[in-house]
Amino acid sequence: MDNLIPAPVRLNDQGRCAFLLDRSTKITAQAGTESTERWLRSTLGAAFGLPLAPGREGAGHAIQLRLDPTLEPEGYRLSTTLDMGVVINGGSPAGVFWGAQTLRQLLGPDAFRSAPVSPGGKTVIPYTDIEDSPRFPWRGLMLDVSRHFLPKDDVLRYLDLLAAHKLNVFHFHLTDDQGWRVEIKRYPRLTEVGAWRDRTKYGHRASELWDETPHGGFYTQDDIREIVAYAAERHIRVVPEIDIPGHSQAAISAYPELGNTDVIDTTALSVWDTWGVNPNVLAPTDTTLRFFEGVFEEILDLFPADTSPFIHVGGDECPKDQWKESATAQARIAELGLAGEDELQSWFIRHFDTWLTARGRRLIGWDEILEGGLADGAAVSSWRGYAGGIAAAEAGHDVVMCPEQQVYLDHRQDGGPDEPMPIGYVRTLEDVYRFEPLPPGLSEAAARHVLGTQANVWTEVMQNRARVDYQVFPRLAAFAEVAWSRLPAPAERDFADFERRMATHYARLDALGVDYRPPGGPLPWQRRPGVLGRPIEGAPPNV
Ligand code: TNX
């Protein structure tokens, strides 16, 4: 019973009476809680083969979904009583939904299956009274679907996995050098040309292996609308990322005029087939600005403001070598009176900040967007450690903490020889459990600008869903507890208790079909013998 992940704020488990979920159990949903009603019926209804029919308000033996504005917006209170059944009060529809996630965990691992495994089996909820609310309003996962494409169904499944861990932000990394993954109607070549590559480096970029199978895929605009609606049903906000002005070779290979045509022959470029930081960046021209305004117009239409208030413009790892050589770029620097290429990048980002702000959205970018000055209202994803986030927060910008030293789930989770394609730092389940999003020494005012935290999943060495699962789990469970629960300081965290609760959580993940890394190390078919990673501890994969 006391095995919830993430751990709730307060749990009174009196172990006395119990509520039995059966064919007569109804769901009574107050106006505003319909998404949770639908979700309960489709998950618990399927798992236990029960109708969970709509019930009349006030009727007993029901799952009662209610709104209680005195609770925190994402907070909930779940109580089981003999006469009423299970009552979930939420501070908002999202709070009710998180309460329903807790209810599913209380029903045992079989509640995570898609059909009943023990017909006639009893589904008992012990007497309980839980009060809960999240520590941070931004609890996210970033998924890179550019380096390796994840089919739509896998993305929907990841949204379910986020919801199961009470995570509420899906950062959707849709474009990069290795593939453009979103249909843009006015620029069809972005997906005709930009969504696939002939072959792919297999392993770290120093590996000599190639996968000679063409790789690609993209989401149609209706696919995107479906993903966004599916996320909204689960109270997950989607942050779409179009990465500019670096990480743009796929776009340039589709529309060569976007590149620095006075430095290289951009018509010779194709979608990149290996990894690392790419020198082929966008040209700082009016053509490029107008082109990407067109892209963002369609993006804003696909990702509506209520569920996507933030639009991510990347801004990371933009080498300035081509701008240094380009007469066009240098003329722009002179015309704008800028000090150099860093300020040119800043000008580029500011252009889209103004553009997005005028359309009621907020820009967010990787911490490099701080260099050369950042527009008011822009927010920062702090990935190169805490420093960028600290500087941004002290300067009054909102920040999402996602330091690569701690929460890059592409990095290996053990130092042993069996880890598949090991890259980056060794970050174990315990390391992630002891990750603290708020760095010490941050002023109180700055701390209020830390919206929360997210884990990032870059997929250079993850060819498919099973590889993504392996890297993400079980560490995402620890991350979810860091983001949701009010844990003590890192050294005082009770990792043993977390591990104890994980025993049950692994059974939930098994029922969901998640290919997590088992505590004892990879299973034989999870290993990748002979594929070079970067077996040097302490080095990020890009170096
Ligand atoms: C750095 S994090 C990147 C990504 C790579 C990642 C690999 C960031 C903004 N840029 O392009 O995929 O390292 O860990």
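**Ground rules.** I number residues from 1 along each chain as its sequence is written, and I leave out hydrogens and water, so to speak, for side-chain values, which use heavy atoms. Since the model is predicted, local features need pLDDT of at least 70 and side-chain atom pairs count only at pLDDT 80 or more, while totals for chains, interfaces and linings use all residues.

**H1 against H2.** I looked up helix H1 (residues 34-48) and helix H2 (residues 93-106): they pack at about 20°, axes 10 Å apart. Helices here are DSSP runs of H or I, at least four residues, and strands are E runs of at least two. The pair is therefore roughly parallel (angles under 35 degrees). Next I checked which residues touch, with contact meaning heavy atoms within 4.5 Å. From H1, Thr36, Trp39, Leu40, Thr43 and Leu44 meet a set in H2 including Pro93, Phe97 and Arg104. I sorted the residues of this contact into 8 nonpolar, 3 polar and 1 charged.

**Strand E19.** I then turned to E19 (residues 310-314), where 5 of 5 residues are buried (under 20% relative accessible area, 1.4 Å probe, protein chains only). Phe310, His312 and Gly314 sit on one side, Ile311 and Val313 on the other, and both faces are covered.

**Its neighbours.** I find E18 (residues 237-244) parallel to E19 over 2 bridges; pairing needs at least two DSSP bridges. Ile244 has Gly314 in E19 as its bridge partner. E20 (residues 362-366) also runs parallel to E19, joined by 3 bridges, and there Ile311 is partnered by Leu363.

Terms used
Axes are lines fitted to C-alpha atoms, for helices over the stretch in contact, and angles run from 0 to 180 degrees between N-to-C directions. Angles under 35 degrees count as roughly parallel, over 145 as roughly antiparallel, 65 to 115 as roughly perpendicular and the rest as oblique. Ala, Val, Leu, Ile, Met, Phe, Trp, Tyr, Cys and Pro count as nonpolar, Asp, Glu, Lys and Arg as charged, and the others, Gly among them, as polar. Buried means under 20% relative accessible area, exposed over 50%, partly exposed in between (1.4 Å probe, protein chains only).
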